[in-house]
Amino acid sequence: MREIDPEQARAALDAAGRARRQVAEEVGLPRGYWWAMGCGWVFLGVIGQFAPGWVVAVATLAFGAGHATVASRWLDGRRRTGQVRVSAQVAGRRTPLVVIGMLLGLVALTVAAAVVLEADGAAHAPLWSAVLVAAIIGFGGPEMLRVGRRWVRA
Amino acid sequence: MSGARFDELIHPSTRLNLVATLAAADWAEFAFLKDRLNLSDSALSKQLATLEEAGYVATERRLEGSRRKVRARLTAAGRSAFDGHIAALREIVAGASTAEPPGR
């Protein structure tokens, strides 16, 4: 083996670790994914406000099915850009769980916002709460995922 | 897990960064590597060619629209060499820690 200084070895290990972390920062979902979800959220809000119950149920199921189809390919967070595909080992298994947790949290937030708006006497409370949460998803989805991954160390 | 083996080909800093980046990905585009490693086109091409000759890296040229894109990935041999090199570096560091007299 070539003689190298322990300090040089440590520096090389640090450099390799930095390169890995740089790739790990690429874990996420494309921005378009979040906006598409936001649009779906508004659509459900509109349906929930104006359509009869059976339409709401069908639309919700269709949204869930559509999302599940997309999710099977995208939720692992390994394809945020078309420039790199992060390895499964680096992306970790918890990323899909973080995304699902986020969705459940956003549903709870939508319901809570609708209740608050309703109590405040706002007209079309479910619609406005959906618009509010859709904006949060579109503008802040990638950042929320990044923070969520950090929390669970995914 | 492969055994510790210092790899002279991987060790130079530019190549180590390149291989470490590829080791964390299934594949990466030339533009991504160039940007992240802060290399010129020719410098990156040269490093990729060296690693490809050694059988550590495989490149694939694809036509996307009117643009030709190059994608690189680490081969199984390259991954094994990288793992072995990292293990060898860890051994050197660990050896130095145990060799240090207590109290230092």
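# Salt bridges, surface and shape

Biologist: In which helix do Glu7(A) and Arg10(A) both lie?

Modeller: Glu7(A) and Arg10(A) are three residues apart, about one turn of the helix. Helices are DSSP runs of H or I with at least four residues, strands are runs of E with at least two, and both are numbered from the N terminus. The helix that holds both residues is α1 (residues 6–24) of chain A.

Biologist: What kind of model is this?

Modeller: Residues are numbered from 1 along each chain as its sequence is written, chains are lettered from A and ligands numbered from 1 in the order in which they are written, and side-chain values use heavy atoms, without hydrogens and water. Local features need pLDDT of at least 70, side-chain atom pairs count only at pLDDT 80 or more, and totals for chains, interfaces and linings use all residues, as this is a predicted model.

Biologist: How far apart are the closest N and O atoms of Glu7(A) and Arg10(A)?

Modeller: Side chains of opposite charge can pair when their charged atoms come close. A salt bridge is a side-chain nitrogen of Lys or Arg within 4 Å of a carboxyl oxygen of Asp or Glu. Glu7(A) and Arg10(A) form one, with the closest N and O atoms at 2.6 Å.

Biologist: Is Arg10(A) buried, partly exposed or exposed?

Modeller: Buried means under 20% relative accessible area, exposed means over 50%, and partly exposed is in between (1.4 Å probe, protein chains only). Glu7(A) has 47% and is partly exposed. At 31% relative accessibility, Arg10(A) counts as partly exposed.

Biologist: Which residue of chain B forms a salt bridge with Arg78(A)?

Modeller: Arg78(A) lies in the loop between α3 (53–74) and β1 (84–86) of chain A, and its partner in strand β1 (residues 25–29) of chain B, so the pair joins two chains. The N to O distance is 2.1 Å, and the partner is Asp26(B).

Biologist: Which residues are joined with Arg78(A) and Asp26(B) into one network?

Modeller: Salt bridges that share partners make the network. Joined with Arg78(A) and Asp26(B) are Asp76(A), Arg79(A) and Arg85(A).

Biologist: How many salt bridges does a search of the whole structure find?

Modeller: Asp7(B) forms a salt bridge with Arg5(B), the closest N and O atoms being 3.5 Å apart. Asp7(B) is buried at 5% relative accessible area. Over all chains, the number of salt bridges found is twelve.

Biologist: What is the radius of gyration of chain A?

Modeller: Chain A has six helices and one strand, in the order α-α-α-β-α-α-α. Its C-alpha trace spans about 75 × 30 × 20 Å along the principal axes. The radius of gyration is taken over C-alpha atoms, and the globule rule is 2.2 Å times the number of residues to the power 0.38. A compact globule of 154 residues would be near 15 Å, but chain A has 21 Å.

Biologist: What share of the residues in chain A is buried?

Modeller: Contact means heavy atoms within 4.5 Å. Of the contacts in chain A with a separation of 6 or more, 72% are between residues 24 or more positions apart. Among the 154 residues of chain A, the buried share is 36%.
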